[in-house]
Structures are given as C-alpha cells and as structure tokens.
Amino acid sequence: MNDNNANSKQESHVLSVLVNDHPGLLYKVSGLFSRRGFNIESLTVGPCEIPERSRMTIVVSGDEATVDQVMRQLDKLIDVVEIERLPRDYDVERELILAKVGCTSQTRAELLQIAEIFRASIIDVSHTALTLELTGQQDKLTAFVNMLEPFGIIRIVRTGLIALERS
Amino acid sequence: MNITGAQAMTEALRRHGVETVFGYPGAAICPFYDSLLDSDIHHVLVRNEQGAAHAANGYARAGKRTGVCIATSGPGATNLITGIATAYMDSVPLVVITGQVSRDLIGSDSFQEADTTGATTPFTKHNYLVSRAVDLPRIFAEAFYLAASGRPGPVLIDVPVDVQTDVFDNYEPAQPELPGYNPPSDPDREQLEGMLSLLSGAKAPIICAGGGIISSNSSKLLRTIAENWHIPVVTTMMGIGVLPWDHELNLGTLGSHGVYAANYALHHADLIILMGARVGNRAMGSASEIANRAAVVHIDIDPAEIGKNIKPHLPIQADIRLVLEEMSKETVPSHDVRRDWLQTCSDLKAKHDFKSFKYENSETIDPPSLLHKLGQMAGPEAIITTEVGQNQIWAANHYPLVKAGAFITSGGMGTMGFGLPASVGAQSAKPDSTVIAISGDGSLQMSLQELGTIKQEKLPIKLVLLNNSRLGMVHEIQSLKYQKRYSQVFLEENPDFGLIAGAYGFGYEKINSNDQIEHAVRRLLSSDGPSLLECIVDPHEPTLYHASRRKSQ
C-alpha cells in the first residue's frame, strides 16, 4: 500500500482459506505473500471435510487495508475456492506445541508440576530431558514456554494456529 | 477413437477457434508439433521464444482474441517469461503452451528441464502442469476461459512430453471446473447510484480511462458517456486511443511522461472516475494526495486493484462495459455547474497542445513532426506498435491516434524488444491493415532477429526507426538526474541498418531532414513488402518538452 497511514493499527488477522488440493498450491500462496510484501505469522494446511480440498489457516499481520488486500489477492488465485476472515472474539483457536526441555533429577519434579498446571502431557522422558505436549490458545502456549525457559529449552516446535468460527 | 495427448492439444486449439499460433519447437514439444502438421492452424516460427509471446500479445490486441504461443521445455520456456510477464502486466489474454521433460524425469535436473510452472506463477493468471493426457480437454477449456474472462491475462499449460504421446479413449469436450473463479460482472445498483449522485453534483469531474476500456471494447460507449455528461477524459498509457487524439474532451495521457492538460485536470478535479485503470506509479505518483483532495470512484473488474494503489471513496467491482451501459440509460443532468471546468480544460488543452511541427530543412529529424505526419498519412485504420524508451513516449504523445486498440505498447512492464515481434502478431491478425512498428536503435536491436520472422512470413510491416545512436531514455534520465554523467548509453558502433534491411529483404530509406519526411513516409506506406525508414534524430532531443516547444502564442 502506498497510502498506509503511519498510525494504522498492526494486528493479527486469521484467515480460513479453502483451496483445491493441487500440486504447487502452497507455493502459489506463499509466493503471493513474499511477492506482495505481506507478513505471514503462521500458515497451516491439511485435508478437510471435502475430498480433494484442503483448508488453510493463515495468520497475517497488518492493518485493515493490508488484510483486505491480502484477501483480494488470495481470492484471485484460481485454486482458492473460499476465504473467510474469522472474528477473533468469536472463533475457536488452537495450536499444538512440542517442547523438549532439559532436566535433572532435581528439576524433574518441578517440571512435572508445571506440566500438570498447564495440563500438558509428557510424551517422552530420559535422564536429561523431558518432552512435553500442549494444546491450547496461543497466550496459554506463550505462558507455558515462559515457564519452561529457566529449565533450558532444547527444542520447540509449534504447529501454527488453526481456527474455526463458532457455530 | 484413440487419441494422443498431442492430438488432443491440437484438437483443443481447433475447437477454441485458433487459427494462428506463434512458437519455436524443441525436443520436449515435438509430439505436439508433429500433430500440428495435420491441422489447418498456421504456425509462425519466431527467432527467439520471447518473440513468440510478444507476437501473441500483438495478435491478441489487434485481433481482439486470445493469443497462443508455444515453446519447448527449459530454455524455451524461460525465454518466454519476459513475454508472459509483459502480457500479465497489461492484462492481455494468452494461452501459453510449453513442453516439459517426461514425468519420470521431473525433478532430476534432466536435460532442458526447468520448473516452468514455478517460474511463471508470479506472471500468470493461472498455470497447469498436466499429469494425465485425459485432462487435456478440460485444462484447455479452462485455460481459454480464464485467459479471456474477467481481467484477462496469460494462462500457461506445461505438458510433459510423455503426456503428449500418451493415448486415451476419446476427446470429450469438457466444461471448465473452476469453483474458485467468479469474476464480477454486473455493477451493484447501490454503488452505481452512489456514482451517479457524486457525478451530478461534481463541478470538476474527470474520467481516467485505462486499458480496461479497450479490452472490454467500450471506447464508443465511453465516448457517448463523456460527451453526454460533459466529462473530460484523461488516459493512462494503456488507455491511449479511447477517444481520438483531437477529440475536445480528450486531455491526453497523464503521468510523469504525460501531458500538462491531463496532469492539471487530475490535480484539480473534484471527482475522478477511474475506469479500468490500475493507476500505477508512472501514471499517478501521488495517489494518496489526489485521493485526499478529490472524490475517487474506482471501477475495475479485478477487486484486488481497488484499494491497491489508491483508496477510492466509492469502489465498483464490475465489468466496465456494463457500468457504461447502465450509465447510458440514465437521464443526464444539466452540466451548467461545470461550464467553468470544461472551459478551463479546453483552454489548457489548446494552450499546451503540441503544435510546433517542423517540416523545413534541418540536420536531424524532429520525432513529434515525423510521428504526426506518419499518423496523418497512415490514416485511422493503421495499427502501431512501439518499443520502450523515448520512441514510446514520443509516439504516445504525438502520434495522432484515432482508434481504440490501434496503439500496441508495453505499458506496465516497459519491455524493450516488444514492438517488433508485437507487430508480427498484429499484422498476422490484420493482414490487410497497415501495421507500423515504431522503434529506437536500442530496442530494435533487442529483438532484431525477428526481422527473419517477418521475412519468412512475408509480412508488409513498416518499420520506423528513430536512431539517435544511444539509449535515449536512459541518456535523458542521466542528463536530468545524474549531472550528465552518461554511463553505458552510447551505441556509436551501431550496425549499418541499410545493410540489415537488405539482408532481411526490407525496403530501406534513411532521412535526416524534416523536409524529407512527407515523401519518405509516402514511399514507406506505399511500398508492397516490409520496409524500414531510418530517421536520424538529434541525440539531445528530449521527451519532456519545455513550454517553449509547445504552442503558446
């Protein structure tokens, strides 16, 4: 945008995009974002309830005009069948995180306690590390990671946000 | 009846009414070239694949139909890309067919392999890598529909060589299956009412017409609307020709290389109606400033264009032709409120009109005088193509164009080497029209090899070369913005264009004095075959003229 207002609000927007499950589709979508200079926070894609279609959840940051332009440009892709912008106060959002955290016999109990508080599952354990799994809203995951940090995080992987509008 | 993939491709072209294609063969597209031999489709053999895409572009625009070009895999396809990007920027409908290595070799960096769909994704409206021969009828149906409908553009079909040789049962005509593609057509009544009410109150409205008016064949409608509603018209580079050059409401081309009256009107209007124009930065540098001062209505068939470069007060996502048709049914209010505005515009147009044509003895040719005379003598039906650089700007501002669609130029991409191959396409589409390729010495040499195509096709193209022995536009930029520090713009060792003309069977004449223009142009236009008129131009002749060169007395 040429006429971006200096004080326009940069926010995260969640787009739910139904696409044809064609080869090269992911490239067409991601290429569009880099080519047009749009900021992508996360993009997830997987099969959905319709055969040969996939549903993407794309989190975009930018002001209103930018997200509007993102939606219009996405809509131009022939393999994009439908785009919905999810209202963030009326959708269900989830993300999954796997975190491998260093531990010793002294710190293991404390880590397990934190896991219990967050209702995270322990999916792997060894003498030197614990791997935890947690699903939830993004702010919960962020709080969880903050709590793990002092123990020494070895690896973290997050799926990116998936979301649906409430019925 | 069994049919091969290659035969299905040829059959698809026939069913879509294709008569002429432009291309260059190679190993991975050989089965298709073999099947072309059994059809009535005329194939124009270019000298570089880029020329095939430009020729298809010229063909599409002069013939008002979808252009088709063909190349082989790897370098054939990558050579096409500049031409595809040029067509994409100017919304020209093309179906581009490329060969690909066989399916089992894809991804192994095999000989002449390139990721053609990957490489062309940013420059195509859509593209396909065909994985089964049986899909070809549907894919071709979709490609032709996508290329020409909505906002037109190039669609590429990449066909592995073994898909071309695969056999399937029968050619079943297929319908496009495109649930994700719904181009807007009818204007929303509420939006239309909004525009009409803005228009009836506007004291100083203008229409800014772009290429959408030409591609939707709406120039006659636009003219009626402009005349009935008393609205001056400015055009973008792609909109040149929507009104005849000397029409009283045509204020000319806007933008950095446009004319004074058009830019003045843009900056003083209280209502700007953008019609099929995407207002790129060359046309409207200060879009947000303009939108702050005037009400902007943006009509475009591509919703993504609305709000991209300028924030409109009223968006209308629709086929411009349908909007104009709706407008023509409305009763026209009195235009008393805009009498002053119309007077101002017509005074400005008259005052800044370029009238100082020169036809007396001189040392070099004056490009505006040459182009003015050329247009007068070639008549309203002549089609002109331009290259990019000074020749394009001189032609845009001084060639007296009468008909919409007769000005074929690379507007958005600004591709040098476009005009000569585009003239091949234009002449192929309109064999009986006069086709004039206007060129500079720099850009001519970017597609010089296409003279061979013209020779082989026996096309009577009239090539006008404005030779100033340099890359004039860059020279002008370096003169104005880089303290005359000229870097890599001199072409002192240009070839002898007379010898080149002779080698390719062109007639040839060279002039360097304005008093020679009339006779030389007459001989050029009356020559039977292709002919080159080389015009020696003062190297310091600018495109941005000072007021002193304009009519001020």
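Predicted model: local features only at pLDDT ≥ 70, side-chain atom pairs only at ≥ 80, totals over all residues.
Local features were taken at pLDDT of at least 70 and side-chain atom pairs only at pLDDT 80 or more, whereas totals for chains, interfaces and linings use all residues. Residues are numbered from 1 along each chain as its sequence is written, chains are lettered from A and ligands numbered from 1 in the order in which they are written, and side-chain values use heavy atoms, without hydrogens or water.

**Chain A overall.** Chain A holds four helices and nine strands. Helices (H or I, at least four residues) and strands (E, at least two) are DSSP runs, numbered from the N terminus. Along the sequence, the elements of chain A follow the pattern β-α-β-β-α-β-β-α-β-β-α-β-β. Its C-alpha atoms fill a box of roughly 55 × 45 × 30 Å along the principal axes. Of the 167 residues in chain A, 44% are buried. Buried means under 20% relative accessible area, exposed over 50%, and partly exposed in between (1.4 Å probe, protein chains only). The accessible surface of chain A is about 9,300 Å², and carbon and sulfur atoms supply 50% of it. Such areas come from the Shrake-Rupley method with a 1.4 Å probe; for residues, only the protein chains shown count as cover. Contacts (heavy atoms within 4.5 Å) were also sorted by sequence separation. Among those in chain A between residues at least 6 apart in sequence, 73% join residues at least 24 apart.

A:E95 is found in strand β5 (residues 91-102) of chain A. A:E95 counts as buried because its relative accessibility is 4%. Neighbours within four places in sequence were set aside. The remaining contacts of A:E95 are A:L134, A:T135, A:G136, A:Q138, A:L141, A:R158, A:T159, A:G160 and A:L161. A:E52 lies in the loop between β2 (39-47) and β3 (53-62) of chain A. Its phi is positive, about 65°, although A:E52 is not a glycine. A:E52 is exposed, with 70% relative accessibility.

**Chain B overall.** The secondary structure of chain B comprises 22 helices and 20 strands. The radius of gyration of chain B is 24 Å, which agrees with the value near 24 Å for a compact globule of 553 residues. This radius is taken over C-alpha atoms, and the globule rule is 2.2 Å times the number of residues to the power 0.38. The C-alpha atoms of chain B fill a box of roughly 75 × 60 × 45 Å along the principal axes. Buried residues account for 59% of the 553 residues. The accessible surface of chain B is about 21,700 Å², of which 49% belongs to carbon and sulfur atoms. Among contacts in chain B between residues at least 6 apart in sequence, 76% join residues at least 24 apart.

**An open sheet in chain B.** Strands of a sheet pair through backbone hydrogen bonds, either parallel or antiparallel. Six strands of chain B form an open sheet in the order β16-β15-β17-β18-β20-β19, with parallel pairing. Two strands pair if DSSP finds at least two bridges between them. The edge strands are β16 (407-408) and β19 (507-511) of chain B, each pairing on one side only. β19(B) pairs with β20 (residues 531-536) of chain B in the parallel sense over five bridges. Within this region, B:Y508 has B:L532 in β20(B) as its bridge partner.

Seven aromatic pairs were counted over all chains. Rings of Phe, Tyr and Trp (its six-membered ring) pair if their centres lie within 6.5 Å; planes under 30 degrees apart count as stacked, over 60 as edge-to-face and the rest as tilted. B:Y145 and B:Y181 form an edge-to-face pair, at 5.6 Å centre to centre and 90° between the planes. This pair links distant parts of the chain, 36 residues apart. B:Y145 is in helix α6 (residues 136-148) of chain B, and B:Y181 is in the loop between β8 (167-168) and α8 (189-201) of chain B. B:Y145 is partly exposed at 38% relative accessibility, whereas B:Y181 is buried at 10%. Elsewhere, B:K373 lies over the face of B:Y359, at 4.7 Å from the ring centre. A charge sits over a ring if NZ of Lys or CZ of Arg is within 6 Å of the ring centre and within 35 degrees of the ring normal. B:H230, a residue other than glycine, has a positive phi near 55°. B:H230 lies in the loop between α10 (219-229) and β10 (233-235) of chain B. B:H230 is partly exposed, with a relative accessible area of 24%.
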